[in-house]
Amino acid sequence: MKFVLLWSDLLFFLLVAICIGGAWWAYRSPQLAASWRQVGASRSGVAAATVLVCFVLVALLDSVHYRERLPAQPGADAGATVQYAVEVKSALDALLSKQKTNTEKTYSAPLATHLFAKESRADGQGRDYPRLKFGGSHLADPALSEADVRERATFGLIAGLSIWGFLAFVIRRYAQPRAPWFAWNALIWTLAGIVVIVSVVLALMPYYHVFGTDKVGNDVLYLTLKSIRTALMIGTLTTLAMLPAALLLGILAGYKGGWIDDLIQYVYTVLNSIPGVLLIAAAILMMQVVIDAHPEWFATAAERADARLLSLCLIMGITSWTGLCRLLRAETLKLRELEFVQAARAFGVSGFSIMARHILPNVMHIVMISVVMDFSGLVLAEAVLSYVGIGVDPSTISFGTMINAARMELAREPMVWWSLISAFCFMFVLVLAANLFADVVRDAFDPRGRAA
Amino acid sequence: MSALNSKPLLRVNHLSVQIGAGRPVDDVSFEIKPGETFALLGESGCGKSMTALAVMRLLPPAARLTAGGVTYGDEELLALTEAEMRAVRGGGIGMIFQEPATSLNPVMSIGRQIEEVLDLHLGLRGGPARQRARELLEAVGLPEAERRLDEYPFQLSGGMKQRAMIAMALAGEPELLIADEPTTALDVTLQAQVLDLLKELQLERGMGMLLITHDLGVVERMADHVGVMYAGQLVEVAPREQFFANPAHPYSRKLFAALPERAGRGQRLATIPGLVPALDVKHTGCRFTPRCSEALDHCGNTLPEWFGMAGAQQVRCHLFDPQQVGLNTVIMSAPTALVEEPRVASSGPLLEVRDLQVHFPIRKGLLQRTVGHVPAVDGISFSLAAGRTLALVGESGCGKTTAGKAILQLIAPTGGSVTLGGQEITGLTGAALQPLRAQAQMVFQDPFSSLNPRLRIGAIIAEGMQALGQTENMAERIAELLEQVGLRADMATRYPHEFSGGQRQRIAIARALAVNPKLLICDEPTSALDVSVQAQIINLLHDLQQKLGLAYLFITHNMAVVDYLADEVAVMYKGRIVEYGSADDVLAHPQHAYTQTLLAAAFSPLRGAA
């Protein structure tokens, strides 16, 4: 086995590390800690954060990539170089290997035992719905599947409830007394939902396609879980790409004023006036040409897809820094006239240190709020772009590609709804959690909100 | 007043307001007769505004009325429905707020806003309403009333806005006017005009008035009766003459003693140690006990009764308990004299300003061409010797702050010269300016915006030393500075939000002193502070001058502070210095008309009462 570190993995791990580092720093600084405490004390904040953490965990699992070692060729001597598989897998793929490998021929409904379309029977006796290769194949009589599903789901439910009961007990007993201000109840109840759903799905997963299969027979549950990483990547890496530009230019424009301000304002006004989708489409296509012209840059298809994902993040970052930049410029204009900045100038402190020491920390609440708010917008933007066909690489699984593939089947009778609905549900929960969390963060960090 | 015997217009009975565990208004009772002014006096955070809001039933959502009653005429206001209450607000009781700039709707013309009130309370619309609005604007002395009706708030100056606000409050023909710090946001000269106007209107209409203020001068000028509030309770109620002749409660007496004035020069101002308690504190005894120099043993746990004195004066203090005979003659400890050391004889002026000009360009058009200039500072000259204090006096907008910043090269002067310690500093930039930065520093007006909320106190004070490369023994130096301004050395690790306004101003002074300056430019350092805290800061500045031989350029509009502190005075008007000379000359024999207006407008209560 050989670990593969894709660029996006590296950046994602870096981001998570920064978040953990930031949390530690916030813990040390009493002011930030007080604001985060307010987030921790809010029920909706804690519930949203719990859901988000689950999504991040799935994405982290999906970011540990490796190439499998191929079995030694019979006859080759022991000293021969080890061969690795071309396909790059992730830890999530390994966990879901049954779902990944057991594909069906085409569509099948959630928990079905038969394909969704009729086919000619092997014995030539008319047409029928053939049995699935994987779903419900352990049953001798497919008619029993309903009872089987019920039995397994009940088992999953009971197991989930008992695991949850144990977790709830541990939290109440050990964690709650240490931090009574924290909204533990919200955590416990959110966990109840998550643990029960996960264990029911886990109980059914080894025997059925819980969310059905798509056109080429891939397990929809697997696709949905894989999409989470793409969505989070787009949401976070785009922010990472735009943040330096927005911070630097926004603060510079506000603090320096004069022609620097004019120049920066002209740049973002012009950029804002170009239709976003067109700009992104043009940039993506150019990127595509570059990537296709240099196949030697990429050892595997995964690396190529990863490059395209990163370039999408970069391009979306370039087109989306203007909003934050504008906000930061306005806030800096206000801060620059405040007396503590004047006092620093009276000491002859250099412009750069004033921006770094006095202005940057005082605009961080705006950055924090807009980053969390933008996240949900970016996840949705990816879906739209992939739907238009200028999003991620077709081989990358994302909510956008799932929706794009499923849209034609909505017209079919009877309707194939499960791909769309599962993508929709996961995206909805992710974006809702991000939005709720953003609201709570804004309330906690916005000094204007605190006065009210 | 003639109406002394008529029945009260407003009677507040044992009114209490609760927020959480605290009581910002606790057992407050008073009454106002028609044509009479009752002044609620006290520092910020004492519950004065909360009392007014409770009377109007406009309390914030977190506050609850827990006890007492408010009778207006024959009506019990607390029993009215919200709809009936709306008819009382504006109709029966009008209200004027502190900040004229924010109490008018910026997108409605003045006329529309007044007509709205007329429509609501008198049913006047169209032509008659406009006619009435014009009369009201004329009544409040707004020139060119007809034209003003169609103007928007941004087109009016601060004083005009406050007049428009008063016209609005009068539109409903109220019998009672609640004025919440009506002049605090205005310049001295305007203050006098607005107060005279209120008094005139009151005489004309026989209105009752509830005046809320922290300013003894305003009380002296306006009130018939005075109620002193402290931490939510009335502690003394008296007719004005008696109150000014013989303030009884220790808090009232301290308020008088804390006022700076000429007679007290060279003496330490009396200060009240500590702070007004926070709103959410629960009290058992007299609330002033922790800050009272005369506190008795049982003051802390027994709430004093009201004790009557001569006339209608009443006081809530154990010192006046008739059963403790002999105590009510306690005299406040005499003010301690400041140690007046011989002033450092200086060889020449430390700061010399010649024809200093600051013009702000007016830019227009696509290419932002400069089409004209606003002369903010228009050729001012003065000099200041080491260890002396020069007061730069003038109303807001006259360019005094701009002048201060231009001297420090925070704003590039357009012309003229500034010499500091014999060296020309205009035109210097960057590194060449650094050594001079150490010689002159600034203390700003607003202690809440002058400290970076994200830095610790230690880092704030260290900033100047780091920037100017004076980094030896920095930790010890910070500790020393904190102690020098009356704070504790261990406060260096805290953040600004943990400190009160007065403490923050001390930190700002420590920051300025960190680089051992010879000149301190103080831009209204006390105007955002309460009277008792102002006295502490003035004492501190005075001590520091004695000890370190600092020169102060004191930018202010407060004539009492000038009277108390300044050696020389420069009066600034519209960007120019119109009068300049020693404090004794200028204040005793003002030559210029503007100086005379300024001095006439600034009223010292003690001077008036004596």
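Visitor: What makes two strands a pair here?
Guide: Two strands pair if DSSP finds at least two bridges between them. The model is a predicted one.

Visitor: How do you know that strand 1 and strand 2 of chain A pair?
Guide: The cut-off is at least two bridges. Strand 1 of chain A and strand 2 (residues 65-69) of chain A have three bridges, in the antiparallel sense, so they count as a pair. Phe3(A) stands opposite Tyr66(A) in strand 2 of chain A.

Visitor: Why is strand 1 of chain A said to stand at an edge of the sheet?
Guide: The open sheet of chain A has three strands in the order 1-2-3, with antiparallel pairing. Strand 1 (2-4) and strand 3 (84-90) each have a single partner strand, so one side of each is left without a neighbour in the sheet. From one strand to the next, the twist averages 30°.

Visitor: What makes strand 16 and strand 17 of chain B a pair?
Guide: Strand 16 and strand 17 (residues 423-424) of chain B have two bridges, antiparallel. At least two are required, so the pair counts. Thr419(B) has Glu424(B) as its bridge partner in strand 17. Two residues lie between the strands of this hairpin, and Gly421(B) takes a positive phi near 60°.

Terms used: Residues are numbered from 1 along each chain as its sequence is written. Chains are lettered from A and ligands numbered from 1 in the order in which they are written. This is a predicted model: local features need pLDDT of at least 70, side-chain atom pairs count only at pLDDT 80 or more; totals for chains, interfaces and linings use all residues. Helices (H or I, at least four residues) and strands (E, at least two) are DSSP runs, numbered from the N terminus. Axes are lines fitted to C-alpha atoms, for helices over the stretch in contact, and angles run from 0 to 180 degrees between N-to-C directions.
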